[in-house]
Amino acid sequence: MQPGTGTKRARVSRSKRNRENVEIPELHGRVALRAYQLFQNRGCMHGRDWDDWFRAEQEVLSGERDTGLE
């Protein structure tokens with residue numbers, strides 16, 4: 001390999017990294033809370049945890065929220 005032809009890392013500003021370090025756990029917490037609410041709305045019946053998680057993820061990321069019972 002010739003000098004200067006290696007792979008370079010993209011530089012990310014420190015403030016952006018700090019913002020991402022806060023946003024990701026906050027997003028995860030919001031999804032987890034919504035998934036748990038969906039679980040409770042179904043009468044706490046086990047076996048649909050993935051369905052609850054993916055639905056909660058979709059709702060949180062899109063900004064929507066279904067408050068009705070299933």
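Let me start with a term: a polar contact is a pair of N or O atoms within 3.5 Å, where within protein one atom must be able to donate a hydrogen and the other to accept it, and residues adjacent in sequence count only if both atoms are side-chain atoms.

Before that, some housekeeping. What you see is a predicted model, so local features need pLDDT of at least 70 and side-chain atom pairs count only at pLDDT 80 or more, while totals for chains, interfaces and linings use all residues. Residues are numbered from 1 along each chain as its sequence is written, and side-chain values use heavy atoms, with hydrogens and water left out.

Now the overall picture. The chain has two helices and zero strands; helices (H or I, at least four residues) and strands (E, at least two) are DSSP runs, numbered from the N terminus. Of its 70 residues, 14% are buried, and buried means under 20% relative accessible area, exposed over 50%, partly exposed in between (1.4 Å probe, protein chains only).

Let's go to Glu-59, which sits in helix α2, residues 49–62. Is this residue buried or exposed? Glu-59 is buried, at a relative accessible area of 4%. Its side chain makes a polar contact of 2.6 Å with the side chain of Arg-34.

Next, the core. A nonpolar core is a set of buried Ala, Val, Leu, Ile, Met, Phe, Trp, Tyr and Cys residues joined through side-chain atoms within 4.5 Å. The largest one here has five residues: Val-31, Ala-35, Leu-38, Ala-56 and Val-60. Helices α1 and α2 are the elements giving two or more residues to this core, and α1 gives the most, with three. As general background, nonpolar side chains tend to be buried together in soluble globular proteins.

Which residues does Val-31 touch, leaving out those up to four places away in sequence? They are Trp-53, Ala-56, Glu-57 and Val-60, where a contact means heavy atoms within 4.5 Å.

Last, the rings. There are two aromatic pairs in the structure. Rings of Phe, Tyr and Trp (its six-membered ring) pair if their centres lie within 6.5 Å; planes under 30 degrees apart count as stacked, over 60 as edge-to-face and the rest as tilted. One of the pairs is Tyr-36 with Phe-39: the ring centres are 5.9 Å apart and the planes stand at 35°, so this pair is tilted. These two are three residues apart in helix α1, residues 14–41, so about one helical turn separates them. Tyr-36 is partly exposed at 44% relative accessible area, whereas Phe-39 is buried at 17%.
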